[in-house]
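Please look over the sequence and the structure before reading further.

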Amino acid sequence: MERLFIAIAAVLGGTAVAAGAFATHALKPQLSERLLTVFETAARYQMYHALALLLVALVRHQGLGAPGLLTASGWALIAGTALFSGSLYALALTGQSVLGAVAPIGGTALMVGWGCLAVAGLLRSGDA
C-alpha cells in the first residue's frame, strides 16, 4: 500500500507543478483574475495533499500508527484531492459555477483523511 501511495503522491505532486506552470504561462491571459485564483487554489491544495499522502505512506511504512486508519486516510486524501481540485480546475476552465458545488464534498473527504491520520497516530499499530 505504501508504494502505491508514494506513486500516487508523486503523480499528484508533479501534476500540481504542471498545473501551476500552466496557470502562470498559458491561462493568465485567458482567465479572469477570479478564475485564475480558483485554478491556482486547486493546484496549491493538490500539492498540499500530495505531500500529505506521502506522509501517510511514510508513517504507515514506519508502523507509527494504525494501518487500517492510515489506509483510509490515504484513500480519503486521494478522493478528496480529485474531487476538490478537480472541480476547481473544471470550474476555472469552463466558468460553470455549478461545478464548484463538488468542492465541498472533496473538502470533506480531505478533512476525513486528516482526521483518520490524527486518530491513526494516536493508536498503536494493532489497535485498528
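What follows is a description of the overall fold, the nonpolar core, the aromatic pairs, the surface patch and the salt bridge.

This is a predicted model, in which local features need pLDDT of at least 70 and side-chain atom pairs count only at pLDDT 80 or more, while totals for chains, interfaces and linings use all residues. Residues are numbered from 1 along each chain as its sequence is written, and side-chain values use heavy atoms, with hydrogens and water left out.

**Overall fold**

The protein has four helices and zero strands, and from the N terminus on its elements run α-α-α-α. Helices (H or I, at least four residues) and strands (E, at least two) are DSSP runs, numbered from the N terminus. Taken along the principal axes, the C-alpha atoms fill a box of roughly 55 × 25 × 15 Å. Of the 128 residues, 41% count as buried, where buried means under 20% relative accessible area, exposed means over 50%, and partly exposed lies in between (1.4 Å probe, protein chains only). The accessible surface comes to about 6,700 Å², and 70% of it belongs to carbon and sulfur atoms; such areas come from the Shrake-Rupley method with a 1.4 Å probe, and for residues only the protein chains shown count as cover. Among contacts with a separation of 6 or more, 76% are between residues 24 or more positions apart, a contact being heavy atoms within 4.5 Å.

**The nonpolar core**

The largest nonpolar core has 32 residues, and those with the most contacts inside it are F39 and L88. Such a core is a set of buried Ala, Val, Leu, Ile, Met, Phe, Trp, Tyr and Cys residues joined through side-chain atoms within 4.5 Å. The elements that give two or more residues to this core are α1 (2–27), α2, α3 and α4, and α2 gives the most, with twelve residues. Leaving aside residues up to four places away in sequence, L88 touches V38, T41, A42 and A103.

A120 has its place in helix α4 (residues 103–122) and is buried, with a relative accessible area of 0%. Again not counting residues up to four places away in sequence, A120 touches L64, G65, A66, L69 and L70. The C-alpha atoms of A120 and T37, which are 83 residues apart along the chain, are separated by 34 Å.

**Aromatic pairs**

A search of the whole structure finds five aromatic pairs. Rings of Phe, Tyr and Trp (its six-membered ring) pair if their centres lie within 6.5 Å, and planes under 30 degrees apart count as stacked, over 60 as edge-to-face and the rest as tilted. The rings of F39 and Y89 have centres 4.8 Å apart and planes at 55°, so this pair is tilted. Because F39 lies in helix α2 (residues 33–62) and Y89 in helix α3 (residues 67–94), the pair ties together parts that are 50 residues apart in sequence. The rings of Y45 and F84, with centres 5.1 Å apart and planes at 45°, also make a tilted pair. This pair links distant parts of the chain, with Y45 in helix α2 and F84 in helix α3, 39 residues apart. Ring pairs also link F22, F39 and Y89 into a cluster.

The table lists how accessible the residues of the two described pairs are.

| Residue | Relative accessible area | Class |
|---|---|---|
| F39 | 4% | buried |
| Y89 | 14% | buried |
| Y45 | 32% | partly exposed |
| F84 | 15% | buried |

**Surface patch and salt bridge**

On the surface, I6, L51, L54 and L58 form a nonpolar patch with about 320 Å² of accessible area together. Patches are made of residues with over 30% relative accessible area and no salt bridge, like charges being joined within 9 Å and nonpolar side chains (Val, Leu, Ile, Met, Phe, Trp, Tyr) within 5 Å. The largest share of this patch, three residues, comes from α2. L58 has its place in helix α2 and is partly exposed, with a relative accessible area of 44%.

Side chains of opposite charge can pair when their charged atoms come close. A salt bridge is a side-chain nitrogen of Lys or Arg within 4 Å of a carboxyl oxygen of Asp or Glu, and by this rule the count comes to one. The side chains of E2 and R60 meet in a salt bridge (3.1 Å, N to O). E2 lies in helix α1 and R60 in helix α2, so the pair ties together parts that are 58 residues apart in sequence. E2 counts as buried at 18% relative accessibility, whereas R60 is partly exposed, with a relative accessible area of 21%.
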